[in-house]
Amino acid sequence: MKITGIDILPFKWETFPWKTGMGKWFGGSKNIGLLTIHTDEGITGHSFVGNFAAGVEQYAKLIKNDLLPLILHRDPELIEVLWRDMWTHNRYIPSQCISSIDVALWDIKGKKYSLPIHRMLGTSRSEVPVYSSTAWHETPHEYYAEAETFLQKGWTAHKIHPHGIAETDIEICKSVQKATGDRMKLMLDVTWAYNYQDALMVGKAIEDMDFYWYEDPLPETDIYGYTKLKNSLTIPVVATEAVPGKFLGMSQWIARNTTDMIRGDVGSLGGITPLLKTAHLADAFNMSCEIFHGGNSIDAVANLHVMMSIKNCQFYEMFPPNGENQFGLIDDIQVDENGLVHAPETAGLGINIDWELLNSMKVDI
Ligand SMILES: [Mg+2]
């Protein structure tokens with residue numbers, strides 16, 4: 001089989017805007033692209049280009065001008081070779097571009113052998129618990145109300161994105177803990193907002209509240225601060241969501257004992273291929289690799305396949321929890337009455353693209 005071309009169908013994605021404590025707005029009105037890799041056997045692979053943070057415009061030219069020549073007329077099944085050839089360009093091509101191609105290559109391979117991707121990766125399980133991952137809210141009471149809503153739905157874990165102001169954040173955490181008691185595992189994701197003093201103060205406060213993990217309290221460059229912080233707290237500290245070097249940067253964080261768990265997803269790391277490497281690296285150190293939300297519906301499905309192929313990821317992150325980041329698929333990922341999501345079981349990604357919707361929202365870029 002040979003790759004014969006790529007096309008990208010750009011479409012408008014209108015969704016409710018949301019933000020986290022760092023003030024970055026997500027969602028709203030974005031242009032996303034449906035990427036299709038064509039082959040000489042007629043098998044096609046798909047992914048989305050762009051996500052709830054950045055549109056297809058900034059990625060499409062890099063994919064067509066810089067990455068396509070690297071893979072054209074080559075065998076799409078040689079994913080490791082193709083990924084490494086693309087990754088050598090990572091210093092000027094965002095990992096999201098490389099991921100779009102890598103995910104579509106796995107889709108092709110799964111379709112060729114009539115297997116869901118997680119089965120090719122080595123299936124470990126068929127379901128995983130979800131956590132509601134809250135967007136920014138104005139008041140502690142709004143955080144309280146949202147946590148209560150998802151507790152009532154049967155979800156078993158909940159993560160807070162607070163304001164990034166230490167005293168306010170402690171009040172928000174107290175409010176959520178009041179809503180959930182000991183009936184949900186609670187996590188705090190500060191999205192890199194604190195200095196060391198604030199990180200220590202909030203860490204000790206949520207340790208006393210029995211929170212389950214403490215995510216990205218310090219900037220992703222502050223290995224020195226993370227080392228001090230981790231030595232001063234008993235709550236698991238979770239960094240590496242935005243680590244420099246991506247998969248290849250993770251080893252420094254593990255070797256220096258600066259994080260208790262690893263984080264990654266397909267878009268941020270450059271595809272299914274490096275996410276699987278990252279998860280296996282963490283497994284060798286008996287660490288979790290907590291896979292985070294995909295920035296679009298197909299990335300989320302790709303993440304789910306990797307989750308189903310490993311044991312060391314505890315949760316599926318639904319961010320925002322009402323599903324505002326789902327778009328473009330018929331039968332998108334659903335959470336069941338026990339707060340679980342399930343493995344896709346049809347070939348490749350196992351997705352059903354809503355062609356009618358995407359064509360109706362088509363735009364020029
Ligand atoms: Mg995070």
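A quick word on ground rules: residues are numbered from 1 along each chain, in the order its sequence is written. The model is predicted, so local features need pLDDT of at least 70 and side-chain atom pairs count only at pLDDT 80 or more, while totals for chains, interfaces and linings use all residues.

**Two domains**

Let's start with the big picture. The domain assignment gives domain 1 (3–114 + 355–360) and domain 2 (119–352); such bounds come from an automatic or database assignment. Taken over C-alpha atoms, the centres of domain 1 and domain 2 are 23 Å apart. Where they meet, 37 residues of domain 1 are in contact with 34 residues of domain 2 (contact means that the C-beta atoms of two residues, placed from the backbone, lie within 7 Å).

Which element gives the largest share of the side of domain 1 that touches domain 2? That's helix 3, with eleven residues. The elements that give two or more residues to this side include strand 5 (45–49), helix 2 (79–87) and helix 13 (355–360). Helices (H or I, at least four residues) and strands (E, at least two) are DSSP runs, numbered from the N terminus. By residue type, this side of domain 1 has 16 nonpolar, 15 polar and six charged residues. Here Ala, Val, Leu, Ile, Met, Phe, Trp, Tyr, Cys and Pro count as nonpolar, Asp, Glu, Lys and Arg as charged, and the others, Gly among them, as polar.

**Strands side by side**

Now for the strands. Two of them pair if DSSP finds at least two bridges between them. Here are some of the pairings:

| Strands | Sense | Bridges | A bridge pair |
|---|---|---|---|
| Strand 6 and strand 15 | antiparallel | three | Glu127 and His342 |
| Strand 6 and strand 13 | parallel | three | Ser132 and Met318 |
| Strand 6 and strand 7 | parallel | three | Tyr131 and Ala157 |
| Strand 8 and strand 9 | parallel | three | Leu188 and Tyr214 |

From strand 6, the chain goes through helix 5 (residues 140–152) to strand 7 in a right-handed β-α-β crossover. Right-handed means that, with the strands pointing away from the viewer, the path from the first strand over the helix to the second runs clockwise.

Strand 7 also pairs with strand 8, in the parallel sense over four bridges, and Ile160 stands opposite Leu188 in strand 8. The chain gets from strand 7 to strand 8 through helix 6, again in a right-handed β-α-β crossover. Helix 7 (residues 196–208) sits on the path from strand 8 to strand 9, and that crossover is right-handed too.

**Buried and exposed**

A residue is buried if 20 or more other C-beta atoms lie within 10 Å of its own, exposed if 12 or fewer, and partly exposed in between, with C-beta atoms placed from the backbone. Strand 8 (residues 185–189), on the other hand, has four of its five residues buried.

The largest nonpolar core has 101 residues, of which Val49, Ile101, Ile272 and Val306 touch the most other members. A nonpolar core is a set of buried Ala, Val, Leu, Ile, Met, Phe, Trp, Tyr and Cys residues joined through C-beta atoms within 7 Å. Both domain 1 and domain 2 supply at least three residues to this core. Setting aside neighbours within four places in sequence, Val49 has contacts that include Ile8, Ile32, Val56 and Ile63.
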